[in-house]
Amino acid sequence: MKNTLRNIFHSPKFVIGFVIFFGLLLFTFIYPWFVMADPLEMVGQGNFFKPGTYVSVKDTVDSKYYTLNIQAKSANLGDHIEDKDKADMRDWLVNYGGVSQEEMDAADDNTLVALWLEHYDSKAKQKGLLASKKKAFVRLDKEIQKLASDADMIIAQENEDGELEETASVDSQQYVNTRDISNKRTFVLGTDNFGRDVLTELVQATKVSLKIGLIAGTVATLIGLLLGLLSGYIGGVFDDVIIFITNLFTVIPSFVLLILITYSVGQNARGVTLIATVIGATSWTWTCRSVRSQVISLRNRDHVNLSKLSGHSMMRIVLTDILPYVASYVVMAFILQISSGILAEAQLSMLGLGPSTTTTATLGQMMNWATLYAAHLNGSWWAYFPVVFVITIIAFSLNLMNTGLDQVFNPQLRD
Amino acid sequence: MGKVMLEVKNLKTKYVTRLREDVYAVDGVSLKIEEGKSLGVAGESGCGKSTLALSLMGYYFPPLHYMSGDIIVDGKNISGMKPDDVRRNVLGTEIAYIPQAAMNALNPTQKIIRFIEDVIHVHDPGMSKKDVYDLAKERFGILGLPEEVLQKHAVELSGGMKQRTVIAISTILSPKVLIADEPSSALDVTSQKMVIKMMRDLMDKGYIKSMIFITHELPLLYNVTDDIMVMYAGQIVEKGSAREMVFDPLHPYTKGLMGSIIVPEEGVRENKLTAIPGTPPNLKHPPKGCRFADRCKYATPTCSGMEVPTIEMPNGREYRCLMSERKIREVYENE
Amino acid sequence: MKGYKKYYGQKIAWYLITFIIAVVLNFALPRLMPGDPVSAIAGQAASGMTDAQAIKKVYEEYVERFGVNDPMIVQFGKWAKAAMHGDFGVSFSQYPRTVSDIIASSFGWTLALQLPAILLGWLLGNILGAVAAYMKGVFDKVILPVFLFISNMPGFGMAVIMLTVFGIQLGWAPTSGAYGFDLIPNMSWTFIRSVISHYQLPFWSIVLITIGGQAIGMRSMSIYELNADYVKYSRFLGIKDRKIVGYVFRNAMLPQVTGLAMSLGTMMGGALVSEIIFSYPGLGTTMMNAIKGNDYPLLSACTLVITIMVLLANLFVEIIYGIIDPRIKAAQQD
């Protein structure tokens, strides 16, 4: 036993998988100590805010200003005009603004804007340009005028007479230190369709999904192990019945059974534990099959016969003479079932049959909402990609552990 | 003296393990077989006899590696040949092999006749399917195998039938040397007898010109082969005619192997070897002196201190021990 | 020949029993729902409708179909008799279309998408696994692990990534539906081209995730076979490596055929969910709509069709297997 464990922890594949899996599990427990916000709190009003730090605008105005010698204007010009608009501007200047192609090619963002301000005229003759396009250029021009302006910005407050009174003027060279701003929030992975912080939600969902995987794996392994041991050891009619049921549920897709059962229990009963149990109860056949065939080959070994002759009870023989030999298979099957359980939950949720709860999130539900709100079509990658990544990395780590174990127990497969 | 079919001079081969350690499984073996003669090789499991069988064919693939020595088949040295040449020109026609476990030696999903075609086409790509079939049918007939076997898959044959089929396939090209590695060990008594008879028939009818028969059952060899060679820890410890080896063993190891076995009469076999206490040495680091010294009850400190030479007797008999023949007989006499 | 007859007879009988049990489960499970399923379902179904006629029709349809007052076995008889004629009733969510009509229009898309994709993924996976076992090197150390990692990705995850990268970023293929939304299905070139370009993303996303799992199985089988005694024996008879590799892969491939049959249900499950990402008009999307619209008759027909597809595929594989693997024949003769 000790030796086996040592071998297992000398398998690099197993160790890598083990570290990833338990690292992830540990992270889901530690994260809430540092971020105590409610994972399902709808912080953002609106869909899919992109990742980044959000600071309060009012606080910014109220904070102490520092003057830095940084050209704020050119940075703005570079970042705030989209590449497509830049290309349009270049085209307009060459076609209608009388700028030569060579001059255009040499121009960087700053010169481009300077040329634009110098040459653009909305009343110029723009032959072959659609009216809508002409209007678009006017709008673009306004935008650029604003960006290029380095006039001071005036901050005013309404006084008792209802008049605006200047309280401060800010020029483009003034900066505030983000440490001075008390109201800010970082969304490492942005927000989802409900305005919830994706990272915090993801950590909680990972925890719930791991729980689902563990419950499903445990249920499936227990049923499979028990039936496999009994049908292999007892044999006879009992074995025939079990093998018939096993074959039956191998051919009827467990996916279909899952859909039918989860649908039929009704929306209200569909909790996390129930879904996990149902997943486990529909996926035990593989364990049962392999345990059974192992037990049959063990049944007539010398040490088992010896125990039988010594009059040991069936319970004792199964537990001490058979179980230790099938343990490796059972552990490997258990590991795979955790990952297929997590996947099954995700697929069910995608179909709208996931756990119906408003107090927790699961990986599948996050994915489902992201899809329903078309995150994948509007470029909000942070709403679905991290979820896909977490599911993949969980499955990958479990599979690595499984492959590592396989190589320890079947040396032929080693590299 | 007949024509020499196989001569091996000081052959050394090794296994390289997964952990890149060298195991010297065949360490300086020399032997000679004449036309029409057969040689038995006996020894405990792990003594290198199966490795010797693989090494003799001159075709090496990992983990087995050739180190030095010569293998001369019918006057042609094959030890320096390229593997592809060995495969094309030697295997099957010059040297043929019967593996230890015939149960799995045949591809389970291929018809026997298809496999025979593949074997023959290596050496004679132009032979038509019909000619192959006729040849196979004739040979199977002579060896007492039913013709239907040709149309069956290996999985449909019983263990004994599979072994006999393997023997028939191995010898279909009438090789000069046949190397049989425990061809009868895994079989029931009836099948064993059939296999032995078949091997004799092959020799008598001239389908094979010489044979090396490897087994851990020394007494079996007495009924099958002309000469017997005993191996221990990768080396030959004693070699002589079957009669001499069985009735008058010289080396303490051969003596131990024969032990309490009642002298076998024709057809009567005792197949248990007397247990010799101890285990063979680790061949990763073979001992400098006599390899049997640790287990030998006659051993003296000199035995493990120096390399033991092979003593060749005038009648062609050889043994590897520091004791003289006279001394040995004296020691055995006093027991 | 006698062995074969017995083998196939047993197989077919077994599949018939399985089929009947599957049908019974399909019928009985939703009826085990707590409370009165009929009024609950009919009520829910009708709540989304504004057309009073439709509500009445649905309600009547239900009462008639389920025969609430009949004992379970009579209900089953009626249901099964109608189902045998391809009559699964009227859909709630897509009234007045019949369930059979909806299934008929989505079934083809699913079959045309999944069958070739799973088969191609299986084939490529087997080739990769065999090559990795035999040639080792870059195949075993780089390409196989990459595909293994990919195969751990859920089907919909692969779908969403393919869609983002190739559909939206690179714009190589359209991202949703089975053909351009402005087209009416016909046999014109425009339509066929549109179908083919819409087919790409869902197809390759299924192929890619199938490869890894198959490859690792094939690799193990090939290594096992390469170490088999017959390989050594064939070599010592002088047979060329190319020929021996042929024996090995044929033998390693055979268990993979059964492996395909056994994992087909799981693979289809994953692929059905991928359909949703691409709004592909197959059974997966239909099933999701049925669940969202509480459309029980449609859902149950979908699951039944999927079950039948998997059963038929399994039966087909077993029949093929009996022919190509002589071990089956040998086992029958014992």
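In this predicted model, the domain assignment divides chain A into domain 1 and domain 2. Domain 1 is made of two segments, 2–40 and 195–413. Domain 2 covers 73–149. The centres of domain 1 of chain A and domain 2 of chain A, taken over C-alpha atoms, lie 59 Å apart.

Chain B and chain C touch. Chain C gives 20 residues to this contact, and chain B gives 24 residues. On the side of chain C, three helices each supply two or more residues: H9 (229–236), H10 (241–277) and H13 (326–333). The residues on that side comprise 10 nonpolar, seven charged and three polar.

Within chain B, strand S9 (residues 227–232) was examined next. Six of the six residues of S9(B) are buried, so the strand is largely enclosed by the rest of the structure. Both faces of the strand share in this. B:Asp227, B:Met229 and B:Met231 point one way, B:Ile228, B:Val230 and B:Tyr232 point the other way, and all are buried.

S9(B) pairs with strand S3 (residues 38–42) of chain B in the parallel sense, over four bridges. Here B:Ile228 of S9(B) is the bridge partner of B:Gly40. S9(B) also pairs with strand S10 (residues 235–241) of chain B, in the antiparallel sense and over six bridges. In that pairing, B:Val230 has B:Glu238 of S10(B) as its bridge partner. S9(B) and S10(B) form a hairpin with two residues between the strands. In this hairpin, B:Ala233 takes a positive phi near 50 degrees.

C:Thr210 has 29 other C-beta atoms within 10 Å. The cut-off for a buried residue is 20 or more, so C:Thr210 counts as buried. Neighbours within four places in sequence aside, C:Thr210 is in contact with C:Ile118, C:Gly121, C:Trp122, C:Gly125 and C:Met267. One of these, C:Met267, falls within the range of helix H10 (241–277) of chain C. H10 is among the helices that give two or more residues to the side of chain C touching chain B. C:Gly155 lies 55 residues from C:Thr210 along the chain, and 9.1 Å separate the C-alpha atoms of the two.

Notes: Residues are numbered from 1 along each chain as its sequence is written. Chains are lettered from A and ligands numbered from 1 in the order in which they are written. This is a predicted model: local features need pLDDT of at least 70, side-chain atom pairs count only at pLDDT 80 or more; totals for chains, interfaces and linings use all residues. Two residues are in contact if their C-beta atoms, placed from the backbone, lie within 7 Å. Ala, Val, Leu, Ile, Met, Phe, Trp, Tyr, Cys and Pro count as nonpolar, Asp, Glu, Lys and Arg as charged, and the others, Gly among them, as polar. Domain bounds come from an automatic or database domain assignment. A residue is buried if 20 or more other C-beta atoms lie within 10 Å of its own, exposed if 12 or fewer, and partly exposed in between; C-beta atoms are placed from the backbone. Two strands pair if DSSP finds at least two bridges between them.
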